[in-house]
Amino acid sequence: RFAEKLCSMPELKEVDAIYSINSFLNLETIRYIAFQKSLPIKIDDRLKFNKLSYSQNHIFNKFNDSKLKEIKKSISDAFKNVLMFENGNHVVISMDILSIAILLSNWCTQDKNCNDELILTYNDDLSNFIDNSKVS
């Protein structure tokens, strides 16, 4: 099982808090970790882009820059809020793939592969985002 493999990862040895969006797949995965660590799952749908009918390519290609910035800011603010609230704690956050892509776009450049699929490439330092509370 995927959840069992997750629980055995060294990065998840010390966990103080668990956050998840209210999604069946996310909760089923994270529930096992919560049970193993005897921790509650804190549901926070601010970490989720609510228009799940859109694909990653649609989000990054069709939305105008101001709309994408608004979506990115909303998810990024929620992410930062969790990290600030859990300051000093080891936190697990379970999000949907589209919200993760939007969040990662704060630090990654966007490109396309030969199948016209979105590729995010890391090229920056995360400390600027967390320390300065800036969203690009």
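Which helix does L83 lie in? L83 lies in helix α4. Helices here are DSSP runs of H or I with at least four residues, strands are runs of E with at least two, and both are numbered from the N terminus.

Before going on, a word on the source. This is a predicted model, in which local features need pLDDT of at least 70 and side-chain atom pairs count only at pLDDT 80 or more, while totals for chains, interfaces and linings use all residues. Residues are numbered from 1 along each chain as its sequence is written, and side-chain values use heavy atoms, with hydrogens and water left out.

Back to L83. Its relative accessibility is 29%, so L83 counts as partly exposed. The cut-offs are these: buried is under 20% relative accessible area, exposed is over 50%, and partly exposed is in between, with a 1.4 Å probe and protein chains only. L83 and I93 are 10 residues apart along the chain, and their C-alpha atoms are separated by 9.8 Å.

Now the chain as a whole. It has six helices and five strands. Along the sequence the pattern reads α-β-α-β-α-α-β-α-β-β-α. Of the 136 residues in the chain, 36% are buried.

Next, the sheet. Strands of a sheet pair through backbone hydrogen bonds, either parallel or antiparallel. In this model, three strands form an open sheet in the order β2-β1-β3, with parallel pairing. The edges are β2, residues 41-43, and β3; each has a single partner strand, so one side of each has no neighbour in the sheet. From one strand to the next, the twist averages 25°; angles run from 0 to 180 degrees between N-to-C directions, with axes as lines fitted to C-alpha atoms, for helices over the stretch in contact.

Two strands count as paired if DSSP finds at least two bridges between them. β1 and β2 run parallel and are joined by three bridges. As for the faces of β3, V92 and S94 are on the covered one, and V91 and I93 are on the uncovered one.

The other strand pair is β4, residues 108-112, with β5, residues 118-122; they pair in the antiparallel sense over five bridges. Q110 stands opposite L120 in β5. The hairpin of these strands has five residues between them, and D116 there takes a positive phi near 65°. Also in β5 is L118. At 14% relative accessibility, L118 counts as buried. L118 and A101 are 17 residues apart in sequence, and 9.3 Å apart in space from C-alpha to C-alpha.

What is phi of S38 near? The value is near 55°, which is positive, in a residue other than glycine. S38 lies in the loop between α2 and β2. With 67% relative accessibility, S38 counts as exposed.

On to the interior. In soluble globular proteins, nonpolar side chains tend to be buried together. A nonpolar core means a set of buried Ala, Val, Leu, Ile, Met, Phe, Trp, Tyr and Cys residues joined through side-chain atoms within 4.5 Å. The largest one has 15 residues, and those that touch the most other members are L47, F49, I75, M95, I102 and L103. At least two residues come from each of β1 (17-20), α4 (65-85) and α5 (97-104). With five residues, α4 gives the most to this core. A second, separate core has 11 residues, including L6, V15, I33 and L39.

Last, the largest pocket. The search uses a 1 Å grid over the protein atoms alone: a pocket is an open set of points with protein on both sides within 12 Å along at least five of seven lines, a cavity is a set where a 1.4 Å probe fits but cannot get out, and lining residues have an atom within 4 Å of a point. The space in the largest pocket is about 310 Å³, where volume is the space filled by probe spheres set on the points, and grid points are joined across faces, edges and corners.

Its lining has 19 residues, with L6, I30, I33, V92 and I93 nearest the centre. Two or more lining residues come from each of α1 (2-7), α2 (24-37) and β3 (91-94). The largest share, five residues, comes from α2. By type, the lining has 13 nonpolar, four polar and two charged residues. Nonpolar covers Ala, Val, Leu, Ile, Met, Phe, Trp, Tyr, Cys and Pro; charged covers Asp, Glu, Lys and Arg; the others, Gly among them, are polar.
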